[in-house]
Amino acid sequence: MDIKEYMQTVGRQARAASRRLAMATTAEKNAALLHIAAAIRREKATLVAANQEDLAAARAAGLETAMLDRLTLSEKGVEGMAVGVEQVATLADPIGEMTDIKYRPSGIQVGKMRVPLGVIGIIYEARPNVTADAAALCLKSGNAAILRGGSEAIRSNRAIAALVQEGLNAAGLPAESVQVIDTTDRAAVGELITMREFVDVIVPRGGKGLIARLLAESRVPMIQHLDGNCHVYLEEEADPNKALKIVENAKTQRYGTCNTAESLLVDRSVAAMLLPPIAHMLTEKGVEIRGCAETRAIVANALAATEEDYYTEYLAPIISVKVVAGIDEAIAHINQYSSHHTEAIVTDNHPKAMRFLREVDSSSVMINASTRFADGFEYGLGAEIGISTDKIHARGPVGLDGLTSQKWVVLGDGHVRG
């Protein structure tokens, strides 16, 4: 296969499809989505079988546990994909929405209209459900999608893509509206991220190595996040029961997700009270605790944390812990060490909670809630295309609106400028 020629063909087809999608009615897009969901349900056994082949190859290749967890697609997971696609169909169509229409002194009306971005290239690792989620969100927002999944999920992604294209055809929309790159050659990524004439934005979902490569090589704008080093801060007026419950959920519900808490900060004045039951819970669940000197004085089995630990997204049953002097030190620590993904404060002190919201520089900031809520579905966006830690265009979970732009519209009636 000539990779450059292949990718140019994919790009041209995506650009042509994007022009048709931009004109598609809400009814057409929703019909395609419902056809896709029905096809996914119908072929549940086929999808699980393809995924089992991927898993067998991944285990033989020695993939780590967190990656295997992301790769696994059970029957329940297939149903979740179908439900996710159906939910996108129920969401309001943002395309064509006009807002902020105002009269100007000249008599014209000026406002904004929401429009698709065009062609979105999505590069992701392991998770085959991203294929369905991304296809659904791009379709509903009027964008063509070029999807490049990880080599470890190639069989699952091909099977899902075939069903997506079946649904597009059934609704009278171009099958090329969603294309999965049918090669595991890394050179395909190099082509995708430099095809400015065909691709409007790149959305990477993967580890630091992938993101670092794209940041260095991409000529196409990106919506991305590097990692998810999320924090929970237990302020001195934290309710002990809430603190225990939130830390347990934020750290131990799942270890391999970007919204899992990796760092725990505890106010010095309450550390001796809060840390022992929390440490006991974490130890019972097999979580390794790496702490500062004050933490180790309270928690006998805690290991010494290094400077690097406070920067680390473990994606594993490990947590870094630091005792801090108060909210000033907590905020400073988070803004220095976090990946600006999601941070939470546990407190019954409203003014301090508001300070935390204002001063912590992350895409999601929470009061008395688990960091695991940082998710497009939980935020009411439907399926998400990813979580952005960028500050320009989209920040936090990226749903339909994040896959659109706005253009200025001017309404007149023979008006000319004087």
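This is a predicted model: local features need pLDDT of at least 70, side-chain atom pairs count only at pLDDT 80 or more; totals for chains, interfaces and linings use all residues.
Residues are numbered from 1 along each chain as its sequence is written, and side-chain values rest on heavy atoms, with hydrogens and water left out.

An open sheet is formed by 7 strands in the order E10-E9-E11-E8-E7-E12-E13, with parallel pairing. Helices (H or I, at least four residues) and strands (E, at least two) are DSSP runs numbered from the N terminus, and two strands are taken to pair if DSSP finds at least two bridges between them. E10 and strand E13 (364–367) stand at the edges, each with a single partner strand, so one side of each is left without a neighbour in the sheet.

Strand E6 (residues 201–205) has 5 of its 5 residues buried, so it is largely enclosed by the rest of the structure. Buried denotes under 20% relative accessible area, exposed over 50%, and partly exposed the range in between (1.4 Å probe, protein chains only). Val201, Val203 and Arg205 point one way from E6, while Ile202 and Pro204 point the other way. Strand E3 (residues 119–124) pairs with E6 in the parallel sense over 5 bridges, and Ile120 stands opposite Val201 in E6.

Two charged residues are buried without a salt bridge, namely Arg148 and Glu343. A salt bridge requires a side-chain nitrogen of Lys or Arg within 4 Å of a carboxyl oxygen of Asp or Glu; Lys and Arg count as positive and Asp and Glu as negative, with His and the chain ends not counted. Arg148 lies in strand E4 (residues 144–148), and the nearest side chain of opposite charge, Asp185, is 6.4 Å away. A polar atom of the Arg148 side chain lies 3.0 Å from the backbone oxygen of Thr184. Glu343 is placed in strand E12, and for this residue the nearest side chain of opposite charge is Arg395, at 8.5 Å. The side chains of Glu343 and Ser362 are joined by a polar contact of 2.8 Å (a pair of N or O atoms within 3.5 Å; within protein, one must be able to donate a hydrogen and the other to accept it, and residues adjacent in sequence count only if both atoms are side-chain atoms).

The model contains 3 aromatic pairs, defined by ring centres of Phe, Tyr and Trp (its six-membered ring) within 6.5 Å, with planes under 30 degrees apart counted as stacked, over 60 as edge-to-face and the rest as tilted. Tyr233 and Phe356 form a stacked pair, at 6.3 Å centre to centre and 25° between the planes. This pair links distant parts of the chain, with Tyr233 in strand E7 (residues 230–234) and Phe356 in helix H14 (residues 350–359), 123 residues apart. Both Tyr233 and Phe356 are buried. One aromatic cluster comprises Tyr310, Tyr311 and Tyr337.

Most residues other than glycine have a negative phi. Leu315, in the loop between strand E10 (303–304) and strand E11 (318–324), has a positive phi of about 50°. His340, in the loop between helix H13 (327–337) and strand E12 (342–346), has a positive phi near 65°. His340 counts as partly exposed, at 25% relative accessibility.
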